[in-house]
Amino acid sequence: MSNDRIIMGIDPGTNCMGYALLKVVGKKPVILVSGILDLKKLGDPYLKLQRIFRRTLQVIDEYQPDELAIESQFFGKNVQSMLKLGRAQGVCIAAALQRDIPITEYAPKKIKLAVTGTGTASKEQMATIMERYFNIPNFPTNSDETDAIAIALCHFFQANPLLGSKKTSSWADFVKQNPDKVK
């Protein structure tokens with residue numbers, strides 16, 4: 001996998017879809033663009049899916065991502081919500097397949113673990129850590145948008161685990177070998 005690439009992250013949803021593109025140059029990702037597609041005012045569920053498909057293709061065509069990272073479904077009590085989420089996810093995946101973009105799915109706990117170090121982090125904790133990581137004072141506040149950034153960042157971390165670090169047997173060894181990674 002080349003270091004120079006664009007990763008698209010999508011937080012699928014039929015009421016609000018978050019998307020983000022990270023440009024990776026060398027060893028550091030930067031946020032190229034992020035946003036949401038707000039569908040709350042639309043009543044027709046099929047029209048929502050059409051808009052999700054079209055917006056996903058529009059962003060793909062404009063930014064030409066090399067990879068798509070998307071949040072996978074999780075098990076919940078509300079079956080109808082899960083079905084709607086699955087449809088939104090499927091439409092995003094279909095759009096990426098339309099443009100021959102490789103797709104990777106990540107479970108919510110995996111995303112939280114990759115970004116914060118714990119699979120039980122809150123959305124606020126994730127946003128705070130990403131604000132510091134990207135060094136952006138006015139980090140996006142919409143949770144769907146920040147989730148999309150987290151999904152793309154998780155994909156980056158999975159492809160580049162502890163960039164350039166040597167294997168360590170303890171936290172103390174890691175800190176000694178990587179003083180630039182600890183503040």
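Asp147 counts as buried, at 8% relative accessibility, where buried means under 20% relative accessible area, exposed over 50% and partly exposed in between (1.4 Å probe, protein chains only). Its side chain meets that of Lys123 in a salt bridge, 2.4 Å from N to O; a salt bridge is a side-chain nitrogen of Lys or Arg within 4 Å of a carboxyl oxygen of Asp or Glu. This pair links distant parts of the chain, with Asp147 in helix 5 (residues 143-159) and Lys123 in helix 4 (residues 123-134), 24 residues apart. Lys123 is partly exposed, with a relative accessible area of 40%.

The model is a predicted one, in which local features need pLDDT of at least 70 and side-chain atom pairs count only at pLDDT 80 or more, while totals for chains, interfaces and linings use all residues. Residues are numbered from 1 along each chain as its sequence is written, and side-chain values use heavy atoms, with hydrogens and water left out.

The secondary structure of the protein chain comes to six helices and five strands. Here helices (H or I, at least four residues) and strands (E, at least two) are DSSP runs, numbered from the N terminus. Along the sequence, these elements follow the pattern β-β-β-α-β-α-β-α-α-α-α. The protein chain has 183 residues, of which 40% count as buried. Among its contacts between residues at least 6 apart in sequence, 59% join residues at least 24 apart, contact meaning heavy atoms within 4.5 Å.

A search of the whole structure finds four salt bridges. Side chains of opposite charge can pair when their charged atoms come close. One of these bridges joins Glu67 and Arg5, whose closest N and O atoms are 2.6 Å apart. Glu67 lies in strand 4 (residues 67-71) and Arg5 in strand 1 (residues 5-11), so that the pair links distant parts of the chain, 62 residues apart. Glu67 is buried at 7% relative accessibility, and Arg5 is buried with a relative accessible area of 5%. Another bridge is formed by Lys40 and Asp38, with 3.6 Å between the closest N and O atoms. Lys40 counts as exposed, at 53% relative accessibility, whereas Asp38 is partly exposed, with a relative accessible area of 46%.

Helix 4 also holds Thr128, which is partly exposed, with a relative accessible area of 34%. A polar atom of the Thr128 side chain lies 2.9 Å from the backbone oxygen of Glu124. The C-alpha atoms of Thr128 and Phe139, eleven residues apart along the chain, are separated by 8.5 Å.

Attention now turns to helix 3. In this helix (residues 108-116), Pro108, Ile111 and Val115 are buried. They lie on the same side of helix 3 because they cover an arc of only 60° around the axis, the arc being that of the directions from the helix axis to the C-beta atoms. An α-helix has 3.6 residues a turn, so residues three or four places apart point the same way. The buried residues of helix 3 pack against strand 4, strand 5 (103-106), helix 4 and helix 5. Gly117, with a positive phi near 95°, follows helix 3.

Another helix pairing involves helix 1 (residues 45-63) and helix 2 (residues 79-98), whose axes come within 9 Å and cross at roughly 35°. Such axes are lines fitted to C-alpha atoms, for helices over the stretch in contact, and angles run from 0 to 180 degrees between N-to-C directions. The crossing of helix 1 and helix 2 is right-handed; a crossing is right-handed if the near helix is turned clockwise from the far one by less than a right angle, and left-handed if anticlockwise. Residues of helix 1, including Leu49, Ile52 and Phe53, meet residues of helix 2, including Arg87, Ala88 and Val91.

Two buried residues complete the picture. Gln89 has its place in helix 2 and is buried, with a relative accessible area of 8%. Leaving aside neighbours within four places in sequence, Gln89 is in contact with Pro12, Ile70, Glu71, Ser72, Gln73 and Glu105. Thr14 is in the loop between strand 1 and strand 2 (16-25), and is buried with a relative accessible area of 16%. Not counting residues up to four places away in sequence, Thr14 touches Leu39, Lys48, Leu49, Ile52, Lys84 and Ala88.

Methods. A polar contact is a pair of N or O atoms within 3.5 Å; within protein, one must be able to donate a hydrogen and the other to accept it, and residues adjacent in sequence count only if both atoms are side-chain atoms.
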